[in-house]
Amino acid sequence: MAPTPPSLTSGTAAPPSDLVTAKARHAVGPAVAYHVSLAASPSSLWPTQYSTLTARSSGDVGPTPYWISIVDVATHTYLARCGSGTVCTASVTRPSATAASYQAYVSAYPTDGIVPPGAVQATSQPVTVSWHSTSLTLSTNATTLPLGRAATLVATTGDDVGPSPFYIEIFDTTTGGRLTYCGFGTSCTATVSQPTATTHSFVAHVAPYGTTAPPAGAIATSTTSYITWSPLGHQISLTVAPRSIISPTATLTATSTIDVGPTPYFIEILNQRTGALVTICGTGTSCVATVSLGSGSTPFIAFIAPYSSALPPAGAVANSNRLEVNRIRLLLPRPRPLPLPQPLPQPVPPVR
């Protein structure tokens, strides 16, 4: 169930026009040294949850022409306008992971789009509220199995979803069915098995409760995992040669337990992020490819399968581990420009 906003002393609706008019008629009295503070509780939370912003003024603005207001710094939208008292509150939420900044004022009546408002008497420090996502991985204890043998899938998050409105959900994307869901903790487990030769793909989400993939409102999605069931007993692994993590290229080696030469099968390496076929080999027990890398992590996977460029290839009889290859781009400082040559001083003529 989605969180409901807290009860507040003020809201986003504009105050009654008669109140705005009445306060505008107040004569400006002796100067008062106003101070205003702004706090958010909580300041870090899950998407769709509410944070309460509380502005506190050092003086009651009721008998004055001034207002306490809270504004969204990015959109210049006032979330609350309070014409009396010393406290003004507003509730804020976001549907997805992001951060937003807010500020409070004591001023003349604040109008949306005008920041800062007129006749500012005090300004708070900005406050940032963060709606965080979470990391999510999906692993399996086996990638190629005999027919009928069970494999275990484990989805792992970086945060306990118990205090959140979200679930960890694991789907078989080959069939479109949900395997399991978990409403608390940092891990969720499913057991899968197939009685006939096939390759299935699996993915995990952190999302509101849903039964179809992909669930609406997901805030985290894992990389796809593949499992092949085959009666042939073939196996394949994928490795990367030792290299520097700042290198723009990597050498991948897929190693099969059989020579695919006398078979109808090929060794195939694919980029799992893009689905592109990296290389394909029709003979031997190994297949080598040098790949170019973008920033961050790029997943690769290998198959023993009939010739295909699809992911996963139809008729696969084995698939490898998923290999995540990382590259870090170093941002080198720009060289400082050399100083311009200074003109030489002109000689002073001797005095006669």
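C281 and C287 are both buried, where buried means under 20% relative accessible area, exposed means over 50%, and partly exposed covers what lies in between (1.4 Å probe, protein chains only). A disulfide joins C281 to C287, with an S to S distance of 1.9 Å; the term stands for a pair of cysteine sulfur atoms within 2.5 Å. With 75 degrees about the S-S bond, this link of C281 and C287 is right-handed. Before we go on, please keep in mind that this is a predicted model, in which local features need pLDDT of at least 70, side-chain atom pairs count only at pLDDT 80 or more, and totals for chains, interfaces and linings use all residues. Residues are numbered from 1 along each chain as its sequence is written, and side-chain values use heavy atoms, with hydrogens and water left out.

How many disulfides does the structure hold? There are three disulfides. A disulfide is a covalent bond between the sulfur atoms of two cysteines. One of them joins C82 to C88, S to S 2.0 Å, and both of these cysteines are buried. The torsion about the S-S bond of C82 and C88 is about 75 degrees, so the disulfide is right-handed. Another is formed by C182 and C188, whose sulfur atoms are 2.0 Å apart. The link of C182 and C188 is right-handed too, with 80 degrees about the S-S bond. C182 is buried with a relative accessible area of 19%, and C188 is buried with a relative accessible area of 1%. Counting bonded cysteines along the chain, the disulfides follow the pattern 1-2, 3-4, 5-6.

Let us turn to the nonpolar cores. A nonpolar core is a set of buried Ala, Val, Leu, Ile, Met, Phe, Trp, Tyr and Cys residues joined through side-chain atoms within 4.5 Å. The largest one has 25 residues, and L38, L53, A55, Y102 and V106 touch the most other members. Several strands, among them β1, β3, β4 and β5 (77-82), each supply at least two residues of this core; strands are DSSP runs of E with at least two residues, helices are runs of H or I with at least four, and both are numbered from the N terminus. Which strand gives the most to this core? That is β7, with four residues. A second, separate core of 23 residues includes I170, A204, A220 and W229.

Leaving aside neighbours within four places in sequence, L38 is in contact (heavy atoms within 4.5 Å) with residues including L53, A55, I70, Y102 and V127.

Next come the aromatic rings. A pair of aromatic rings is described by the distance of the centres and the angle of the planes. Rings of Phe, Tyr and Trp (its six-membered ring) pair if their centres lie within 6.5 Å; planes under 30 degrees apart count as stacked, over 60 as edge-to-face and the rest as tilted. By this rule the count comes to eight aromatic pairs. One of them is the edge-to-face pair of Y34 and Y66, at 6.0 Å centre to centre with 80 degrees between the planes. Y34 lies in the loop between α1 (17-24) and β1 (36-41) and Y66 in the loop between β3 (51-57) and β4 (67-72), so the pair ties together parts that are 32 residues apart in sequence. Y34 is buried at 7% relative accessibility, and Y66 is buried at 12%.

Y167 and Y209 also form an edge-to-face pair, 5.7 Å centre to centre and with 75 degrees between the planes. Because Y167 lies in strand β13 (residues 167-172) and Y209 in the loop between β16 (198-207) and β17 (220-221), this pair ties together parts that are 42 residues apart in sequence. Together with Y181, Y167 and Y209 form one aromatic cluster.

V240 lies in strand β19 (residues 236-240) and is partly exposed at 31% relative accessibility. V240 and L252 are twelve residues apart in sequence and 4.6 Å apart in space, C-alpha to C-alpha. S256 lies in strand β20 (residues 249-256) and counts as buried at 7% relative accessibility.
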